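Welcome! Please have a look at the sequence and the structure below, and then let us walk through some of the details together.

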Amino acid sequence: MTAELHTVVVLGASYGGFRAAQLLATNLPEGWRVVVVERNSHLNNVYNFSRYAVLPGHEHKAFIPYDYAFGNPATTDTPHIRIHGTVISLHPHHITYIPHTSSSSSEPTPEPQTLHFDYLIYALGSHLPAPIDVWEYTHDRGQHLDKTRCLDKTTYTGTKSQGIAWLRERQARIESAQSVLIVGGGALGIQFASDIAAVYPHKRVTLLHSRMQLLPRFEPTLGDEVLTALQDLGVQVILGQRLDMDSLRPHQCDGSDENRTGTAFHVRTLSGTEIDAEVVLLCTGQTPNTALMRDMDSRAVGKQGLVRVTREMQVLVEDEDSGKQREEDVKRMVEEIPKMIASEPVSRVSSPMPPSIPSSAIAKVLTKTEQPVPRRAGVMSLTKSVPSQDASPRTSSSRTKATIYPHIFAVGDAADAFGALHAGHTAYHQAGVAARNVVKLAKREARRCGSLSCSEGDGEGNGEESLEEYTPGLPMIKISLGLTRSAYEIAGVVGTKDDGVPDLNAAAMWGACGLKGVDEEGMWR
């Protein structure tokens, strides 16, 4: 029976992929299944990694079981499947992946498996900065540039126990160092600096940022609030200076004393400022995880390394014929509009405004132009503490750019989504648009083959469903500044709070993933 099912593959099950899987599993028509391929055994709540890499006792809370990935606890009779494995190649209608087994390095590597799909949602996010990248040693980026520990490069397969051990190793690095340099004044660097200073007030903590304002994408008042909070914690903040990378030397595992103290690095900025630190944390951004997409079709990935998408979140590689047709349409428009204007009746009513092109003339020529449509209700945010400000999806009533991959979608940090902020709540909303569009397309196919009645649509009668379009909202953020203090910006409004808890309210995220009311013991699962 499984071989007869239509398949929707979701690559990645973090904030975006998890949301897509839930919507697909509960809304796809009969005869369809969802297959999630995720390299981690548990959802990694990476927003808490910086705190748990500093403060001991909560590291197990960062890894959340996938019990509700398909909307309800997994049962033996569900057609939906979650595969713990790593995708190694992507093709227009199938993927190749390697299943993960136990963490034992003595076991032979499983043979690659092939999985065919009807639709696919690419939600692989980005490679995280090294200080919070549990997969650091699998792609040789594992340089925290400290000499306090020397971690063996064992086989990492994304299990919870391995993730806990990884965070504990980071805790040991920070605890044994007397001085820490954090490079990068974004959210990650700020949270590392403030947490280290709060937990270890006697350590020398320095934050180096290349710009004159922290969090430059947001209101200046937010950066000012953050700067004040850091200074109150005793963090030395150096603004407007960039680290000279030539002054850094890669850490070599030479078997030296793991517990030794003293200056490990003497670095300098391009402006000549010298800084001593035992640990250097490079929190300077993240890289889109789009290599698989680029290998499938290099035209799908833009100059910034992000996947090009349509407003419907479909991967955008234009059909050459449609591109030529659009050029011809534009040429025809230029030639025809003067004729249309001349054929229109001229109003004799005087007007102080210059004459404009009659709307009927434009309508005759620009038949493919998008028309205004009513906006739909918004979607609830994944977290209750920060309501979503993403603009509501809108329903497309017109033809958009034709793509040769209408069955492949991309969301989250990997997608070039019209200037949207790369964040978990953004991925969540983009995944909602993509998943609902896949459901509409699947129902369209089901109706055509007779397995779904025309009445079982989305309220649009017997016509084909129009797909939703994604429009990004205003940037928003909530950032911790030590163990209790935080600052936020929502819809341009900046504020602060002092109600934080040491584990960053981990239970709320567990609840958002379906595990409501879980206690401390339950978070070890």
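## A buried threonine in a strand

Thr-206 sits in strand E11, residues 204-209. Helices (H or I, at least four residues) and strands (E, at least two) are DSSP runs, numbered from the N terminus.

Which residues is Thr-206 in contact with, leaving aside its neighbours within four places in sequence? They are Val-180, Leu-181, Ile-182, Gln-236 and Ile-238, a contact being heavy atoms within 4.5 Å. Thr-206 and Leu-230 are 24 residues apart in sequence, and their C-alpha atoms are 9.9 Å apart in space.

## The model as a whole

This is a predicted model, in which local features need pLDDT of at least 70 and side-chain atom pairs count only at pLDDT 80 or more, while totals for chains, interfaces and linings use all residues. Residues are numbered from 1 along each chain as its sequence is written, and side-chain values use heavy atoms, with hydrogens and water left out.

The protein has ten helices and 24 strands. Of its 525 residues, 49% are buried. Take the contacts between residues at least 6 apart in sequence: 71% of these join residues at least 24 apart.

## Two helices side by side

Two packed helices are described by the angle between their axes and the distance between the axes. Helix H1 (residues 15-27) packs with helix H9 (residues 424-448) at an angle of about 30°, and their axes are 8 Å apart. That makes H1 roughly parallel to H9. Here, angles under 35 degrees count as roughly parallel, over 145 as roughly antiparallel, 65 to 115 as roughly perpendicular and the rest as oblique. Axes are lines fitted to C-alpha atoms, for helices over the stretch in contact, and angles run from 0 to 180 degrees between N-to-C directions.

On the H1 side, the contact includes Tyr-15, Leu-23 and Leu-24, while the H9 side includes Ala-427, Tyr-428 and Val-439. The residues of this contact of H1 with H9 divide into ten nonpolar, four polar and three charged. In this grouping Ala, Val, Leu, Ile, Met, Phe, Trp, Tyr, Cys and Pro count as nonpolar, Asp, Glu, Lys and Arg as charged, and the others, Gly among them, as polar.

## Helices under cover

H9 has 25 residues and reaches 36 Å from its first C-alpha to its last, close to the 36 Å expected at 1.5 Å a residue; the expected span is 1.5 Å times one less than the number of residues. Because 22 of the 25 residues of H9 are buried, H9 is largely enclosed by the rest of the structure. After H9 comes Gly-450, with a positive phi near 85°.

Helix H3 (residues 160-176) reaches 25 Å over its 17 residues, from first C-alpha to last, close to the expected 24 Å. Twelve of those 17 residues are buried, so H3 is largely enclosed by the rest of the structure. The buried residues of H3 pack against H2, strand E4 (63-64), H4, strand E15 (279-282) and helix H10 (506-512). In helix H4 (residues 187-199), the end C-alpha atoms are 18 Å apart, which agrees with the 18 Å that its 13 residues should span. H4 is mostly covered, with ten of its 13 residues buried; among them are Phe-192 and Asp-195.

Is Arg-51 buried or exposed? With a relative accessible area of 1%, Arg-51 is buried. Arg-51 lies in helix H2, residues 49-52, and the residues that it touches, beyond four places away in sequence, include Asp-195, Ser-480 and Leu-504.

Asp-297 also counts as buried, at 7% relative accessibility. Asp-297 is in the loop between helix H6 (291-296) and strand E17 (307-308). Not counting residues up to four places away in sequence, Asp-297 touches Val-317, Ile-404 and Tyr-405.

## Positive phi in two loops

Most residues other than glycine have a negative phi, and most peptide bonds are trans. Phe-418 is not a glycine, yet has a positive phi of about 60°. Phe-418 is in the loop between strand E20 (415-416) and H9, and is partly exposed, with a relative accessible area of 32%.

Ala-491 has a phi near 55°, a positive value in a residue other than glycine. The loop between strand E23 (486-490) and strand E24 (493-497) holds Ala-491, which is partly exposed at a relative accessible area of 36%.

Key: Buried < 20%, exposed > 50% of the residue type's maximum accessible area, 1.4 Å probe, protein only.
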